[in-house]
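The report below takes up a single protein chain and goes from its overall make-up to some local features. Please look through the sequence and the structure before reading on.

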Amino acid sequence: MTTIAAISTPNAAGGIGMVRLSGEKAIEIADACFRGVSGRRLTSLSGYSAAYGQYLEADGAVLDDGVAIVYRAPKSYTGEDIAELCCHGGLFVTQKLLRRVYALGAVPAEPGEFTRRAFENGKMDLAQAEGVMKVIAAQGESALKAAGNTLAGSVSKKIHAVCDTLVSAAAALAAWADYPDEDIPAVEHGSLREALQKAAAALTKLIQNYDAGKAVTEGVRTVLCGKPNVGKSTLMNLLSGCEKSIVTSIPGTTRDVVEETVRVGDIVLRLSDTAGIREAGDEVERIGVRIAKDKIEGADLVIAVFDGAAPLTNEDRALIDLCRGKRCLAVINKTDLPRTLETGEIEAAFDTVLYLSAKDDAALDTLGEALSALLGAAGLDFSQEILAGERQRRCCENALGYLNDALAALDAGLTVDAVNVDIDCAIGELLTLTGQRASEAVVNEVFRSFCVGK
């Protein structure tokens, strides 16, 4: 296998830059451009060893000084020989060092190729590999804890336990069906049903935990909407901690969608501040209103804002109608002013209604508590197994569907073969989740989203 190399530190100036190599010739290539102050060659070092020295150009000129670290197969991240060349963190010097190792025989790493090699060499399964990216993307303590547990193998262990239960059941059914002349006892339907129900319950809990934890681990597509001048932009600025949206007393100031990812407590919102919903006075604003309505339709969460200091209008009522059937939080804004709004229709239409002033920083805590409860993240234990993404969730849902079919076939008195087909399909979905039976296309899709150098 070729020796790959990439810069594994961010593409920005910093204290340290790192070029990482992995493959059969990783240490040999690193040694060819490094001169240690101790005089020892990198090729003579044991694994988990570091040496201080200088990086050299092809003509022997000093490029930079730094620390080279050696890891020996199979006790490395990828399971191969690895060299990590740490230099000063300037963009130019790090790129020059990368070009030097290319000239010595390394080839550019593809996105996620280091982690992919770790997967292919049995250092982690596919679920754990997805946990790597979740750790990198974590934007809060709970998200980091959930991602760390996935990387440590908590989800994989749960899936393996469910698989073991199903494999035992499938093996017993197959043995009884395939060898009728042997003295093999028939599978007792009660114990089989109990095993399938136990497996289904475990998958159901995983799916529920993922749905509840998604607001923390991945973020929620959220739309701020309301008629003009109700304070949407002020609320957007409060949530984002800076002046993202222009705030004036002139209706229709926000004519386009302003987007920002914000964190409220542990909840991550992929937030869009939309144009005020009303009968627009010009073509540009009409386009903004249409886009706002489309955003509401595709949102996971809608924060509908109403002006507590103004009477309810037909535009407010139109917004209430747009929000029906959606997961919504109603905000009665401007509580710092005398209340004029009659809130009966709003209270009747929304399960959760908050009264606040977007000008008050304390409103953030109120919003955070309400969002956590509304999205199901309140009280969720992120030290439990949390699925690392939609791919894993889809595998669990598909497996659960097959188990429900198997239980239905069992209750309907269908043949053992019919029940076993569904159990085998459920096992296949779970093995796809961990990567033991994943197609090349599935594996490619997982690593496509990785950054180069990881």
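## Overall make-up

What percentage of the 454 residues of the protein count as buried? In this predicted model, 49% of the 454 residues count as buried, a term that stands for under 20% relative accessible area, with exposed meaning over 50% and partly exposed in between (1.4 Å probe, protein chains only).

The protein has 15 helices and 13 strands, which are DSSP runs numbered from the N terminus (helices H or I, at least four residues; strands E, at least two). Of the contacts (heavy atoms within 4.5 Å) between residues at least 6 apart in sequence, 67% join residues at least 24 apart.

## Helix 5

In helix 5, residues 141-151, the buried residues are Ser 142, Ala 143, Ala 146, Ala 147 and Thr 150. These residues lie on the same side of helix 5 because they cover an arc of only 130° around the axis, the arc being that of the directions from the helix axis to the C-beta atoms. Just after helix 5 comes Gly 153, with a positive phi of about 105°.

## Tyr 52

Tyr 52 is placed in strand 4, residues 49-56, and counts as partly exposed, with 44% relative accessibility.

## Basis of the model

Residues are numbered from 1 along each chain as its sequence is written, and side-chain values use heavy atoms, with hydrogens and water left out. Because the model is predicted, local features need pLDDT of at least 70 and side-chain atom pairs count only at pLDDT 80 or more, while totals for chains, interfaces and linings use all residues.
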